[in-house]
2 protein chains.
Amino acid sequence: MRTFKLTLAYDGSGLVGWQRQPEGTSVQGVLEAALSRLEGAPVTVQGAGRTDAGVHALGQVASVRMASPHPTGTLHRALNAQLPGTIRVLAVDDAPPDFHARFSARSKTYRYLLSTAAVASPFVRSYVWHLPERLDVEAMQQAAAALVGTYDFAAFQSTGSVVGSTVRTVERSDLVVHDDTAMGRGTGGLSGPLLAYDIAGTGFLRHMVRAIVGTLVDVGRGRWPPAHVVALLGGGTRGQAGATAPAHGLFLVRVDYH
Amino acid sequence: MRTFKLTLAYDGSGLVGWQRQPEGTSVQGVLEAALSRLEGAPVTVQGAGRTDAGVHALGQVASVRMASPHPTGTLHRALNAQLPGTIRVLAVDDAPPDFHARFSARSKTYRYLLSTAAVASPFVRSYVWHLPERLDVEAMQQAAAALVGTYDFAAFQSTGSVVGSTVRTVERSDLVVHDDTAMGRGTGGLSGPLLAYDIAGTGFLRHMVRAIVGTLVDVGRGRWPPAHVVALLGGGTRGQAGATAPAHGLFLVRVDYH
């Protein structure tokens, strides 16, 4: 048996998420169906991050064990030929036998896109949280920076979650203004100006990124000062943080391994 | 009666184009239906450019005459509330009584997006012509620059077109590499690197931009040297130019008025 590492991008809009479900289209389900056809036997894939319904990926990673004798390039092309255009395999690589997409991961990076344009661009409306209002970006940037470190993120976990420890390490947390105007750079003006929040860490609680984004938006609205975020890290409850931001603005950007 | 100037963005993916058709959804049809409801009487709109089926707009302009007593801001909000999210009104302005979106236009700017990524990004697959190959961008840029000026563009007009003169003036024609990587700038990595071809001019023949793009791609593939494009401007025929590039990579970016 060989172990493969797959790197994937997908548009989560019409999907029930990464994980196989009784109903609806999941990335795992579609991928396993395609790989099982290629293998001629049932195949199970492991994903690095179980993205929720509506969440997108620019660089999700999956691992799979198969007997396939084909070169990785052949598998790559055969796989994309079977998958819908909304799910793309970016790379297929041979991996060590003990490689596991989730357990071997060292850190993950997520991005959340916000648009404060008066009118939502038709081209990115499924990929950004549209907030047609004035946000205090500097205050949001201050609050974002305060999250870097090892803290108890219990206030940013969805209620009802049961995990051993709610302490997590955030390695990067910053909010950047992307200027993509009609005649400017970026995606040729498709998106208009965006706010992109990037967060990287060794592990994330359920809905943690979206709860952080909801809280940063509250800071941007002047509901709380940036210091409120710091206070929450000292052991706040879910009700003291902001609402969970919508799924469709969130992207799993990359997964790093040792 | 008042005259209004509407500025619009739309995703042409599911549309039959700008112009009202017996079947299918057109921008003009949807817009006239919404405006007629607001006016309480049938209303006709004029568009600056009759974009074909599948062609998008970042800044189409339309003119309309209405008796509406509402401030432009109210009309703007009421209109967007009635239109689908794929068609957005970016601005509503009062215009002089003789303003006509098409006849008053001084110049139009189009953009065509190409992606040479090995795998097409799921997020821009409806907005770019995906050519997973190596193109000679410098040769394409040379050819693009040669189109600026007043020339006979007959070789770049769809066959069967009947117009008085095929002489047109191109004011701008350039190809720019947009670098939008996963952790880079632009639209937060949604598109991957793109080639954006921008062309502005006082008038365009039918399918002219798409025929030019098809020809530039042939130059990029080494089928012809950049000088071939110059030769075509001296009175070439449609068969001597490249194929018509697909509609879904084309955007009407802006319309300028005196």
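A salt bridge is here a side-chain nitrogen of Lys or Arg within 4 Å of a carboxyl oxygen of Asp or Glu. In this predicted model, Arg210(B) forms such a bridge with Asp52(B), with the closest N and O atoms 3.7 Å apart. By this rule, 22 salt bridges are counted over all chains. Residues are numbered from 1 along each chain as its sequence is written, and chains are lettered from A and ligands numbered from 1 in the order in which they are written.

**Confidence**

- The model scores ipTM 0.87 and pTM 0.91.
- For chain A the mean pLDDT (the predictor's confidence in each residue, from 0 to 100) is 92, and 96% of its residues reach 70 or more.
- Residues 182-187 of chain A have pLDDT below 50, although this stretch has 26 contacts (heavy atoms within 4.5 Å) beyond near neighbours in sequence.
- Where pLDDT is low, the predicted coordinates should not be read in detail.

**Salt bridges**

- In chain A, Arg210(A) pairs with Asp52(A), the closest N and O atoms being 3.7 Å apart.
- Arg210(A) lies in helix H4 and Asp52(A) in the loop between strand E2 (45-47) and strand E3 (56-66), so the pair ties together parts that are 158 residues apart in sequence; helices (H or I, at least four residues) and strands (E, at least two) are DSSP runs, numbered from the N terminus.
- Arg210(A) is buried at 12% relative accessible area, whereas Asp52(A) is partly exposed at 22%; buried means under 20%, exposed over 50% and partly exposed in between (1.4 Å probe, protein chains only).
- Arg2(B) in strand E1 (residues 2-10) and Asp94(B) in strand E4 (residues 87-95) of chain B are 92 residues apart, and their salt bridge has its closest N and O atoms at 3.3 Å.
- A network of salt bridges links Arg111(A), Arg172(A), Asp174(A) and Asp198(A).

**Nonpolar cores**

- A nonpolar core is a set of buried Ala, Val, Leu, Ile, Met, Phe, Trp, Tyr and Cys residues joined through side-chain atoms within 4.5 Å.
- The largest core has 70 residues, of which Leu31(A), Phe156(A) and Tyr197(A) touch the most other members.
- Helix H4 (residues 208-220) of chain A contributes the largest share of this core, eight residues.
- Apart from this core lies another of 69 residues, including Val27(B), Ile87(B), Tyr110(B) and Leu232(B).

Conventions. Predicted model: local features only at pLDDT ≥ 70, side-chain atom pairs only at ≥ 80, totals over all residues. Heavy atoms only, no water.
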